[in-house]
Every structure is written in C-alpha cells, then in structure tokens.
Amino acid sequence: MYDYDYEYTGCVRMNRFILRQSLLLFLTAVIWGVAFVAQSAGMDYVGPFTYNGVRCILGGLVLLPCIALLDRLQGGRSAQGDAAAQAAEGMKTEEALMPTAAEARKRSRRQLAAGGICCGVILFVASSLQQLGIQYTSVGKAGFLTAMYILLVPVMGLFVHKKVGMKVWIGVVFAVCGLYLLCMTNGFKLERGDALVLACAVVFSLHILVIDYFSPKVDGVRMSCIQFWVCGIVALLCSFVFEHPDLNSILTAWQPVCYGGIMSCGVAYTLQIVGQKGMNPTVASLILSLESVVSVVAGFLILEQTMSRRELLGCSLMIVAIVLAQLPDRNNRGMAGREKIVETKQG
C-alpha cells in the first residue's frame with residue numbers, strides 16, 4: 001500500500017526545487033544580458049585577454065569572503081551534525097571514524113580541484129574566442145551565434161547519455177527561430193569573426209556539460225572561485241604575450257571591468273553553477289539563452305532603443321520555448337515523488 005500524501009509532498013518539493021533553480025538561471029541570464037554592454041565598452045580601453053584576466057581575478061577575489069562567511073555559517077551546523085552522529089553511533093570510536101572522514105575529504109578536494117581547473121580552462125577558451133570574435137562581427141550576429149549552445153548542448157549531451165524529451169527539442173527549435181528574429185535583423189551573411197564566435201558557442205556548450213557533471217559532487221561557490229583564478233591567471237599570461245597591458249588603461253575602464261568582474265563573473269557564473277545542480281543541461285541552456293532577450297529589452301528600457309515587431313516576435317518565441325521546455329511529460333509526471341513513496345504494511 002502506498003502513501004500518496006508522501007508522494008504529493010515529494011512532487012511539491014521537486015516543483016519548488018525546479019522553480020528555484022530556474023529562477024537562479026534566469027537571474028544569471030539577466031546579469032549576462034546587461035553585461036554585454038560592459039563587455040563591449042571594456043574593449044575600447046583594453047585588449048580581450050587583459051579584460052578577461054582582470055575581471056576573472058576580480059571575480060575570484062569577490063568570492064573569497066563569501067566562502068569564508070559560508071564556512072562560518074556551515075561550521076556550526078556541521079559540528080552539531082557530527083555530535084548527533086557520534087551520539088547515535090555509540091559503539092564506534094572517534095579513532096575509527098577519522099580515516100573514513102579523511103578519505104572523504106581528500107576525495108572531495110580532488111574532485112573540487114579537477115572541476116575548478118576544467119571549468120577555468122574551458123571558460124578561458126570560450127570567453128577569449130567571444131572577445132576576439134566581437135571585434136570582427138556585429139553585436140546581433142555575435143549574440144545569435146553565441147546562443148547556439150542551446151542547440152549544441154542537447155546534441156553533445158547525447159554522447160554522454162543525456163536524454164532529451166520531444167518537448168525540449170521542440171523548445172530548442174522555437175528558441176533558435178526566436179533568436180534569429182531577435183538578433184539577425186539585417187539578414188545572415190558570414191563575416192570575419194563569425195567562426196570565432198561559433199567556436200565560442202561550442203566551447204560554452206562543453207562548459208555547461210562539465211558543470212552539469214561536477215556541480216552535484218562539489219561545492220558550487222568554491223568551484224566557481226577556482227575557475228575564475230585559473231581563467232584569470234591564464235588570460236593575464238596571454239595578455240603579456242600578445243598584448244601590452246597598461247595600468248592606466250585598466251583604471252580608465254574600471255566601470256565595465258568592475259561590472260564584468262563582480263556581477264558577470266562573481267555573481268552570475270556562481271549562480272549558474274548553483275542553479276544547474278539537479279537541472280537538465282538542455283533546459284538550463286534554454287533559460288541561459290534568455291540573455292539575448294534581456295540585452296534587447298535592456299536596450300529598450302535603459303537606452304530607449306526601439307523594438308520592431310520582428311524583435312517582439314523573437315522574444316515571444318523565446319518565452320514560449322522556455323515554458324514548453326519546463327512542462328513535464330505525462331509519463332514522467334510525478335516520478336520524483338514516486339521515487340520517495342513509502343511502502344507500508346497492510347492491516
């Protein structure tokens with residue numbers, strides 16, 4: 001006999017979890033959409049490697065006090081949990097538990113280091129390709145080609161056994177059409193730099209899948225901090241080789257650099273890692289692609305730019321795609337709750 005009240009509670013909790021993660025990813029898209037202006041403005045003063053290096057180092061610095069604060073808050077809870085566990089396990093001594101705890105911490109550190117380094121290197125390649133490509137192509141085309149990760153993620157996910165439902169595939173098609181109407185206002189003609197931006201979309205797709213793999217295993221804020229330090233150090237090394245970094249130029253571009261470092265890196269990329277935990281990577285990529293919609297809406301609200309019917313239709317198709325991808329399949333509806341059903345004895 002099944003406890004259907006417990007099943008209902010499990011479904012409600014799962015829906016709340018998905019809603020919370022979706023909101024975190026949407027907030028990430030909002031920050032990235034507005035950050036595109038800062039990203040373009042920063043290129044007027046410094047080179048692409050210098051800009052990426054400084055903003056990533058700044059993002060890593062911002063997360064250090066956050067990690068310290070979270071450690072202090074979680075330290076008390078962990079101590080209380082350890083005391084309760086030791087009281088319940090009265091037969092086991094503290095010495096017997098120490099090797100197991102030490103091994104678990106060591107394994108966790110290895111996974112955290114691997115995830116942070118992998119994400120950092122991938123982020124460096126993707127952001128560098130994007131910064132280089134933006135110099136040689138239009139803003140609209142760069143936004144369209146970069147957001148092609150919404151199509152690449154499910155395709156690449158098939159190779160790692162990430163299945164995608166029919167509704168999500170239909171949502172991807174709607175999103176691609178919406179992005180084309182939104183960004184490609186002057187037709188599609190390949191120009192210099194398009195290949196760089198398209199390669200950036202491929203690498204960003206890999207970045208989403210790598211985060212999907214590591215985020216359930218490690219602390220998201222720590223992994224985000226490591227990836228910024230790795231990306232920033234590699235980018236700054238490249239800036240000394242291929243560019244001529246100048247402190248005065250960096251200080252002149254302090255506004256776009258600070259927004260890119262604090263908001264786009266420190267806040268948004270951390271929200272992406274935390275928000276992707278437990279989410280389908282294809283659905284996550286669809287939500288993140290709303291950055292293109294946000295950039296157009298921000299231009300309309302902040303810069304008083306006009307929106308044509310074509311752009312409004314593109315925004316509408318993007319919203320339809322997101323809603324369609326979030327709808328559960330009939331066969332899978334309630335499965336999260338059924339996995340937690342308690343089977344009770346009859347009579």
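How closely do the axes of α5 and α11 come, and at what angle do they cross? The views below start with the whole chain and then return to this pair.

**View 1. The whole chain is a predicted model built from helices.** Local features need pLDDT of at least 70 and side-chain atom pairs count only at pLDDT 80 or more, while totals for chains, interfaces and linings use all residues of this predicted model. Residues are numbered from 1 along each chain as its sequence is written, and side-chain values use heavy atoms, with hydrogens and water left out. The protein chain has 14 helices and 0 strands; these are DSSP runs, with helices (H or I) of at least four residues and strands (E) of at least two, numbered from the N terminus. Of the 347 residues, 44% are buried (under 20% relative accessible area; exposed is over 50% and partly exposed lies in between, with a 1.4 Å probe and protein chains only). Among contacts (heavy atoms within 4.5 Å) with a separation of 6 or more, 93% join residues 24 or more positions apart.

**View 2. Helices α5 and α11 pack against each other.** Here is the reply to the opening question: the two axes come within 9 Å and cross at roughly 175°. That makes α5 roughly antiparallel to α11. Axes are lines fitted to C-alpha atoms, for helices over the stretch in contact, and angles run from 0 to 180 degrees between N-to-C directions; under 35 degrees counts as roughly parallel, over 145 as roughly antiparallel, 65 to 115 as roughly perpendicular and the rest as oblique. From α5, Y149, I150, V153 and P154 meet P281, T282, S285, L286 and L288 of α11.

**View 3. A nonpolar patch on the surface includes L158.** Its members are L151, V155, L158, F159 and V160, which together have about 480 Å² of accessible area. Patches are made of residues with over 30% relative accessible area and no salt bridge, joining like charges within 9 Å and nonpolar side chains (Val, Leu, Ile, Met, Phe, Trp, Tyr) within 5 Å. Look for L158 in the loop between α5 (149-157) and α6 (166-183); this residue is partly exposed, at 48% relative accessibility.

**View 4. D71 and R222 form a salt bridge.** The structure holds 1 salt bridge (a side-chain nitrogen of Lys or Arg within 4 Å of a carboxyl oxygen of Asp or Glu). The closest N and O atoms of D71 and R222 are 2.6 Å apart. D71 sits in helix α2 (residues 48-88) and R222 in helix α8, so the pair ties together parts 151 residues apart in sequence. Both partners are partly exposed: D71 has a relative accessible area of 33%, and R222 has 28%.

**View 5. S239 is a buried residue of helix α8.** Helix α8 covers residues 220-242, and the relative accessible area of S239 is 0%. Leaving aside neighbours within four places in sequence, S239 is in contact with F49, T50, H244 and P245.

**View 6. I170 and A321 have C-alpha atoms 7.5 Å apart.** Along the chain, these two residues are separated by 151 residues. I170 belongs to helix α6 and is partly exposed, at 35% relative accessibility.

How values were computed: Areas by Shrake-Rupley, 256 points an atom, 1.4 Å probe, with all protein chains shown as cover.
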